[in-house]
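Hi everyone, thanks for making time for this. I'd like to walk you through one model, going from its packing to a few single residues. Please have the viewer open as we go.

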Amino acid sequence: MTASVLTNSSAMVALQTLRATNSNLQEINNQISTGKKVATAKDNAAVFAITEIMNSDVVGFKAITESLSLGSATVAVASNAADQVANTLYKIKEKVVAAQESNVDRTALQNEIVSLSAQVQGIVDAAQFNGRNLVDGSTASINVLSSLDRNAAGVVTSSQITVTGQNLSTGAGAVRGGLAGSTGETTNQDDAAFTLDAGFTNDGSNVLTIDAGNFAAGDQITVTIDDQAASYTVTAADLATTTPNATIAGNLRDQILALNVDGLVVDYDSGTDDTLDFGNDGAGNVDRLVTASVTSVGTGGLAALAGIDVTANPANALTDIETLIRTTVTAQAAFGTAETRLDLQNDFMSSLIDSFKSGIGALVDADLEEASARLQSLQVQQQLGTQALSIANQQPQNLLALFR
């Protein structure tokens with residue numbers, strides 16, 4: 001190789017090697033100081049993009065856990081209230097059972113029942129969390145944000161858990177009769193009852209007729225066949241139609257047929273769309289009790305509590321309190337199911353956050369053991385590179401000896 005004072009190839013090679021070593025050393029120092037092998041987009045654009053999306057999901061999941069915690073607390077308050085109401089009803093039942101004896105002071109027992117009934121409403125009124133009360137009938141349902149779902153195309157949608165409110169209020173709504181013309185209707189036309197004989201077919205003698213003239217949006221019609229119940233809530237849209245009677249009757253019929261009661265036939269009576277004709281299909285071999293009732297909007301699920309009177313009719317009081325206890329137990333079960341689901345989802349979201357963090361760490365976290373080993377190696381290479389460059393820079397000095 002030609003010796004030259006203008007071009008020092010050895011120094012160039014030594015300088016390039018030293019620059020590469022310094023660059024690698026800077027990279028290792030960054031990994032050690034940040035703990036990440038991919039700290040910015042320039043380190044690895046593809047991995048950085050993936051982990052940033054995952055990090056955004058983790059932020060969303062953390063917000064969801066807060067939503068689930070809020071929902072759980074709201075349901076827990078309602079569940080506790082339902083438990084307290086049930087306990088109070090059990091105490092009322094004790095008084096009602098005691099009143100079945102003829103040699104007791106029923107007036108004193110009735111006074112205790114009235115006092116305990118007031119306690120029930122006090123529990124219901126106080127059972128609110130953050131302004132939401134799930135037991136007084138004011139809240140039909142709440143939706144609790146439960147997850148964020150990302151598909152393969154990157155589209156994100158949210159999922160929610162719906163918790164249905166329960167009405168354990170003792171308040172009584174207005175009496176609105178809407179069963180005029182029904183078989184076995186009461187004087188107020190808010191209840192009706194009849195029995196379908198075994199093998200009985202539709203002949204127009206057991207009918208349920210809807211009269212929407214007194215209905216308001218939110219009124220509920222419940223039809224019970226033996227121990228199965230179907231309900232329909234009247235809407236403003238129903239009442240706004242040109243044929244509200246037929247519209248409500250048709251919707252109620254759909255709910256009854258959805259019960260799939262074996263052998264039950266529900267048709268329109270003689271082509272009249274507002275009257276439902278009940279019967280067995282001819283194959284039925286048991287009698288069926290059919291009852292219908294109208295619950296006006298604003299009526300509490302425990303409104304019948306005000307009607308319990310052991311001084312007048314202890315036997316009816318016992319039947320009524322059993323019905324109210326079943327209503328409360330149903331509410332307890334509903335809230336218990338909701339609490340369990342919310343807790344399971346919250347546990348899942350916590351595990352999911354941990355899994356995401358582990359996945360992100362696997363992609364971007366530095367291997368500090370490897371970094372430590374490389375650091376020492378690169379420091380040695382840096383020292384050798386510096387020395388090699390110093391030697392290469394001395395070579396032009398050697399040419400002076402040729403000119404002495």
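Let me start with one term: when I say contact, I mean heavy atoms within 4.5 Å. Keep in mind, too, that this is a predicted model.

Which residues does Asn346 touch, leaving aside its neighbours within four places in sequence? They are Thr65, Leu68 and Ser69. Asn346 itself lies in helix H6. Its relative accessible area is 17%, and the cut-off for buried is under 20%, so Asn346 counts as buried.

Now let's look at the helices around there. For H2 and H6, the axes come within 7 Å and cross at roughly 160°. Angles over 145 degrees count as roughly antiparallel, so H2 is roughly antiparallel to H6. The residues in this contact comprise 35 nonpolar, 12 polar and 8 charged ones. As for handedness, the crossing of H2 past H6 is left-handed.

H2 has another partner, H3. Here the axes come within 10 Å, with a crossing angle of roughly 170°. That makes H2 and H3 roughly antiparallel to each other as well. If you want to colour the contact, the H2 side includes Ala81, Val85, Leu89 and Ile92, while the H3 side includes Leu109, Ile113, Leu116 and Val120. By class, the contact of H2 with H3 has 12 nonpolar, 4 polar and 3 charged residues.

Next, the cores. Which residues have the most contacts inside the largest nonpolar core? Leu89 and Ile321 do, in a core of 48 residues. At least two residues of this core come from each of helix H2 (45-98), helix H3 (106-126), strand E3 (141-150), strand E4 (156-164) and helix H6 (314-364). There is also a second, separate core of 26 residues, including Leu179, Tyr232, Leu252 and Val290.

Let's zoom in on Leu89. Apart from its neighbours within four places in sequence, Leu89 is in contact with Val120, Leu302, Leu305, Ile321, Leu324, Ile325 and Thr328.

Over to helix H5, where Ile256 sits. Is Ile256 buried or exposed? Ile256 is buried, with a relative accessible area of 0%. Beyond its neighbours within four places in sequence, Ile256 is in contact with Val223, Ile225, Ala230, Leu264, Val266, Leu276 and Phe278. If you'd like a distance to check, the C-alpha atoms of Ile256 and Val266 are separated by 8.1 Å, at 10 residues apart along the chain.

Last stop, the backbone. Most residues other than glycine have a negative phi, and most peptide bonds are trans. Gln189, though not a glycine, has a positive phi of about 60°. Gln189 is in the loop between E4 and strand E5 (191-196) and is partly exposed, at 26% relative accessible area. Asn260 also has a positive phi, near 55°. Asn260 lies in the loop between helix H5 (244-257) and strand E9 (264-269), and at 64% relative accessibility Asn260 counts as exposed.

That's my tour. Over to you for questions!

Terms used:
Residues are numbered from 1 along each chain as its sequence is written. This is a predicted model: local features need pLDDT of at least 70, side-chain atom pairs count only at pLDDT 80 or more; totals for chains, interfaces and linings use all residues. Side-chain values use heavy atoms; hydrogens and water are left out. A nonpolar core is a set of buried Ala, Val, Leu, Ile, Met, Phe, Trp, Tyr and Cys residues joined through side-chain atoms within 4.5 Å. Buried means under 20% relative accessible area, exposed over 50%, partly exposed in between (1.4 Å probe, protein chains only). Helices (H or I, at least four residues) and strands (E, at least two) are DSSP runs, numbered from the N terminus. Axes are lines fitted to C-alpha atoms, for helices over the stretch in contact, and angles run from 0 to 180 degrees between N-to-C directions. Angles under 35 degrees count as roughly parallel, over 145 as roughly antiparallel, 65 to 115 as roughly perpendicular and the rest as oblique. A crossing is left-handed if the near helix is turned anticlockwise from the far one by less than a right angle, and right-handed if clockwise. Ala, Val, Leu, Ile, Met, Phe, Trp, Tyr, Cys and Pro count as nonpolar, Asp, Glu, Lys and Arg as charged, and the others, Gly among them, as polar.
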